[in-house]
Amino acid sequence: MARKMGFYGVIAYVLYGFAVYWYLFYFADTSLPFEFEGSRADPATFLNGRELMLSEEYSKVRNLLFFLSTPFEWLFYFLILLMGLSKAFKKWGEETAKNKYGQTAIYLIWLSFFAYIATFPLSYISYTLSKTYNISTQSFASWMKDELIDFWINYAMMFVIVVVLYWLMNKFKRFWWLFAWLLSVPFTLFIMFLQPVVIDPLYNDFSPLKNKELESKILDIAGQANIPAEHVFEVDMAEKTNALNAYVTGIGSNSRIVLWDTTLNRLNDDQILFIMAHEMAHYVEKHLYIGIAGYLVLSLFGLYFVSRLMNWAIKRWGKEFKLQHPGDLRSLPLFLMFLSMIMFAASPVSNLVSRYQETRADRYAIEMTENTDAAISAFQELTKAGLSQVNPPWLVKIFRYGHPTMLERISRLEDFEVEKRNEQEDGY
């Protein structure tokens with residue numbers, strides 16, 4: 001029975017992959033609606049023919065990798081259970097270590113290692129794709145260094161989470177999900193507090209913005225928005241990417257305004273000021289805290305549904321999975337599989353909320369800077385640097401886009417420009 005389930009799982013994944021490929025390469029329509037042709041949102045007005053072709057090619061393959069990666073993770077955990085590897089990992093831990101902490105650590109290192117090896121081909125394809133299309137400038141050695149940092153950071157956090165999670169599962173068999181959620185609240189806030197000063201510097205070098213004239217302009221906007229910022233940080237990203245980015249990160253006293261050096265090198269001051277005003281809008285409108293609250297609500301329901309699904313799956317296929325109850329450490333792949341499925345299913349909702357917040361931030365930024373030309377040209381440069389589709393397919397938008405599409409963002413800015421012009425004319 002286990003072999004048959006595994007076979008059907010692989011077949012289902014292959015058929016899913018073909019369906020996604022057909023949708024992205026043959027069915028999905030990314031053409032521009034005729035009413036936007038010739039507008040500043042039309043990529044033909046700011047991309048040359050080669051860039052248009054490359055953006056379509058790159059986006060299609062990148063989107064295909066996205067839709068293949070997450071279900072592949074589900075298939076991996078499914079097969080780990082059916083093939084008895086989870087049982088073997090636990091046995092190896094029990095044979096090597098005497099206490100439960102050591103056994104859990106060994107189990108996790110084996111599970112993490114197998115997961116890394118299984119997903120490495122897709123990760124490497126994604127890396128080489130970015131290199132081929134000149135998005136990534138990162139050497140293989142540098143990329144592998146970041147991969148290893150990711151591995152060990154994820155392993156360390158997973159170890160803490162798994163030790164606490166399975167203690168709760170065995171201590172509170174019915175309501176472990178509620179206690180796990182309660183403990184996740186301070187843990188999430190703690191990680192967010194540490195992120196800018198402990199985790200991020202492991203990957204890149206951060207330093208105060210060297211262009212003090214630009215920093216003064218940015219801090220002036222921050223002052224108008226009542227943001228208590230004393231410095232703007234720049235991060236060295238040119239050795240890794242040609243893409244552009246800026247963000248506000250952290251909470252409390254560890255909050256930081258950050259600009260990638262690629263953004264500084266490619267955009268002028270007015271364009272950067274619009275982007276920074278956009279990022280500050282998230283602070284002003286409390287989007288970070290709304291996002292944290294939304295994440296915590298989602299995680300509460302997510303953990304509840306995971307608990308119900310685990311009980312149902314073990315009751316029905318416990319023999320095939322080599323499991324008798326959820327509190328057994330061998331059930332971790334089942335927990336991770338269901339958690340990933342729920343997060344994927346919830347992503348259209350979380351992305352919808354995020355796109356609304358980003359739209360609000362765009363509106364705030366243009367009202368703050370009142371420079372439509374700089375805003376539109378900044379979005380055009382972002383599109384060009386990332387080879388992004390201006391009008392992506394519908395499924396790509398709802399599952400991948402936490403920001404409005406460039407078609408939506410630029411067309412709204414053009415509408416704002418018309419509104420301001422009409423208001424000025426009415427004033428005269």
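**Entry 1: the model and its record**

I am working from a predicted model. I looked up the UniProt entry, which is unreviewed, and found "transmembrane region" placed at residues 7-28, 64-85, 106-129, 149-168, 175-199, 288-306 and 327-346. The unreviewed entry also puts "domain: CAAX prenyl protease 1 N-terminal" at residues 52-204.

I then checked the secondary structure over some of these ranges. Residues 52-204 come out as 86% helix and 0% strand. The end C-alpha atoms of that range are 31 Å apart. For residues 149-168 I get 100% helix and 0% strand, with 29 Å between the end C-alpha atoms. Residues 288-306 are likewise 100% helix and 0% strand. Their end C-alpha atoms lie 26 Å apart.

**Entry 2: helix 1**

I asked what span helix 1 should have. Helix 1 covers residues 2-27, which is 26 residues. At 1.5 Å a residue, I expect 38 Å. The end C-alpha atoms are 36 Å apart, so the span agrees.

Next I listed the buried residues of helix 1. They are A2, M5, G6, G9, Y13, G17, V20, Y23 and L24. What do they pack against? I find helix 2 (49-82), helix 10 (287-321) and helix 13 (394-400) as the partners.

**Entry 3: N351**

I located N351 in helix 11, residues 332-369. Is N351 buried or exposed? Its relative accessibility is 12%, and the cut-off for buried is under 20%. N351 therefore counts as buried.

I set aside neighbours within four places in sequence and looked for contacts. N351 touches I398, F399, R400, Y401 and G402. With F399 there is a polar detail to note. A polar atom of the N351 side chain lies 3.0 Å from the backbone oxygen of F399.

**Entry 4: the second largest pocket**

I looked up the volume of the second largest pocket. It holds about 420 Å³ of space. The lining is made of 14 residues. Closest to the pocket centre are K100, T104, Y166, W167 and N170.

Which elements give two or more residues to this lining? I find helix 3 (85-96), helix 4 (100-132) and helix 5 (140-171). Helix 5 supplies the largest share, five residues.

How values were computed: Residues are numbered from 1 along each chain as its sequence is written. This is a predicted model: local features need pLDDT of at least 70, side-chain atom pairs count only at pLDDT 80 or more; totals for chains, interfaces and linings use all residues. Side-chain values use heavy atoms; hydrogens and water are left out. UniProt positions are given in the numbering used here, feature names are shortened, and annotations may be inferred rather than shown by experiment. Helices (H or I, at least four residues) and strands (E, at least two) are DSSP runs, numbered from the N terminus. The expected span of a helix is 1.5 Å times one less than its number of residues. Buried means under 20% relative accessible area, exposed over 50%, partly exposed in between (1.4 Å probe, protein chains only). Contact means heavy atoms within 4.5 Å. A polar contact is a pair of N or O atoms within 3.5 Å; within protein, one must be able to donate a hydrogen and the other to accept it, and residues adjacent in sequence count only if both atoms are side-chain atoms. On a 1 Å grid over the protein atoms alone, a cavity is a set of points where a 1.4 Å probe fits but cannot get out, and a pocket is an open set with protein on both sides within 12 Å along at least five of seven lines; lining residues have an atom within 4 Å of a point. Grid points are joined across faces, edges and corners, and a volume is the space filled by probe spheres set on the points.
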